[in-house]
Amino acid sequence: MSQEREHPDHRAADLGLRADCGNCFGLCCVALPFAASADFATDKDAGQPCTNLRADFRCGIHTQLRQRGFSGCTVFDCFGAGQKVSQVTFGGQDWRQAPGTARQMFDVFPVMRQLHELLWYLAEALTLPPARPIHGELRRALGKTEHLTGGSAQDLAELDMAAHRGDVNALLLRASELVRAKVTGRRKDKKDRRGADLIGADLKAADLRGANLRGAYLIAADLKGADLRTADLIGADLRDADLSGADLTDSIFLTQSQLDAAKGDPATKLPPALTRPAHW
């Protein structure tokens, strides 16, 4: 079942898709809102600095986030958008020293994050051998998306992100279909669980090879020992899903933040570009 594919890390590194908090002005701690819940200990409005953000833009409780009720912070990934906005879009000028930039910087950050997330998926799609028939289209989409990330703050604020994301998602779905078509002997209804409500579902040892789980709600699902090779997991909600002993080796479009939100153990098999969360 395993397919030979280029290691995605190389493309991710070239595109700057790994978060570098040391070169970011704490944008995720300011620009984004959160509500008191199991993921966050308090409420915070968009544009309001988190009370744990220090003067040097570091988190004051970084090593204790889970214990202090901020597990939501531990599973967030900006895909490198924070340092791109901080150091490129705004040229290293931070919002504290130049408060006039704050509003625009905070508005641009979520746009940049979406663009970087799309770059991550496109870069992965280009490592998938079955998707070779559309590699040319994928490269063009990647080039266009990368070009958009270099735009001015005004360009980014005015970007029709929904339209661009829709175009890229259609292409990613085609790549997914080419990959999953290689899984033979599978009934179509078993494959398509796109957007399905599988919250708390008993999927222990389930054969989910080649399944379309795009946007599926797998919160607290029991996926112990499940076979998720070549399953499409783009946008799947894996919060508290139990992946102990599951095989995600060749799953596609799985991100580190999805893994960080789930549960697992040393027997869980992961794609090569992702790492085993420390809390497993």
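A residue counts as buried when its relative accessible area is under 20%. By that cut-off, helix H3 is mostly covered, with seven of its nine residues buried. The model described here is a predicted one.

**Helix H3**

- The residues of H3 that are buried are Ala-81, Gly-82, Gln-83, Lys-84, Val-85, Ser-86 and Thr-89.
- These buried residues pack against three other helices, H4, H5 and H6.
- After H3 comes Gly-91, which has a positive phi, near 60°.

**Nonpolar cores**

- In soluble globular proteins, nonpolar side chains tend to be buried together.
- The largest nonpolar core of this model holds 75 residues, and those touching the most other members are Leu-27, Trp-95, Leu-218, Leu-223, Leu-228 and Leu-243.
- Leaving aside residues up to four places away in sequence, Leu-27 touches Leu-32, Gly-82, Val-85, Ser-86, Trp-95, Met-105, Phe-106 and Phe-109.
- Another core lies apart from the largest one and has six residues, including Phe-40, Cys-50, Leu-65 and Phe-70.

**Cysteines**

- A disulfide is a covalent bond between the sulfur atoms of two cysteines.
- A search of the whole structure for disulfides finds zero.
- Cys-29 is in no disulfide, and the nearest cysteine sulfur to its own, in Cys-28, is 3.9 Å away.
- A pair of cysteine sulfur atoms must lie within 2.5 Å to count as a disulfide.
- Cys-29 has 22% relative accessibility and so counts as partly exposed.
- For Cys-78, the closest cysteine sulfur is that of Cys-24, and because the two sulfurs are 6.2 Å apart they are too far for a bond.
- Cys-78 counts as buried because its relative accessibility is 10%.

**Largest pocket**

- The volume of the largest pocket is about 1,200 Å³.
- Its lining is made of 41 residues, of which Cys-21, His-62, Cys-73, Thr-74 and Phe-76 are the closest to the centre.
- Helix H2 (71–74), H3 and helix H9 (256–261) are the elements that give two or more residues to this lining.
- H2 gives the most to the lining of the largest pocket, namely three residues.
- By type, the lining residues of the largest pocket are 24 nonpolar, 11 polar and six charged.

**Second largest pocket**

- H9 provides the largest share of the lining of the second largest pocket, with four residues.
- The lining residues of the second largest pocket comprise 11 nonpolar, eight polar and 10 charged.

Notes:
Residues are numbered from 1 along each chain as its sequence is written. This is a predicted model: local features need pLDDT of at least 70, side-chain atom pairs count only at pLDDT 80 or more; totals for chains, interfaces and linings use all residues. Side-chain values use heavy atoms; hydrogens and water are left out. A nonpolar core is a set of buried Ala, Val, Leu, Ile, Met, Phe, Trp, Tyr and Cys residues joined through side-chain atoms within 4.5 Å. Buried means under 20% relative accessible area, exposed over 50%, partly exposed in between (1.4 Å probe, protein chains only). Contact means heavy atoms within 4.5 Å. On a 1 Å grid over the protein atoms alone, a cavity is a set of points where a 1.4 Å probe fits but cannot get out, and a pocket is an open set with protein on both sides within 12 Å along at least five of seven lines; lining residues have an atom within 4 Å of a point. Grid points are joined across faces, edges and corners, and a volume is the space filled by probe spheres set on the points. Ala, Val, Leu, Ile, Met, Phe, Trp, Tyr, Cys and Pro count as nonpolar, Asp, Glu, Lys and Arg as charged, and the others, Gly among them, as polar.
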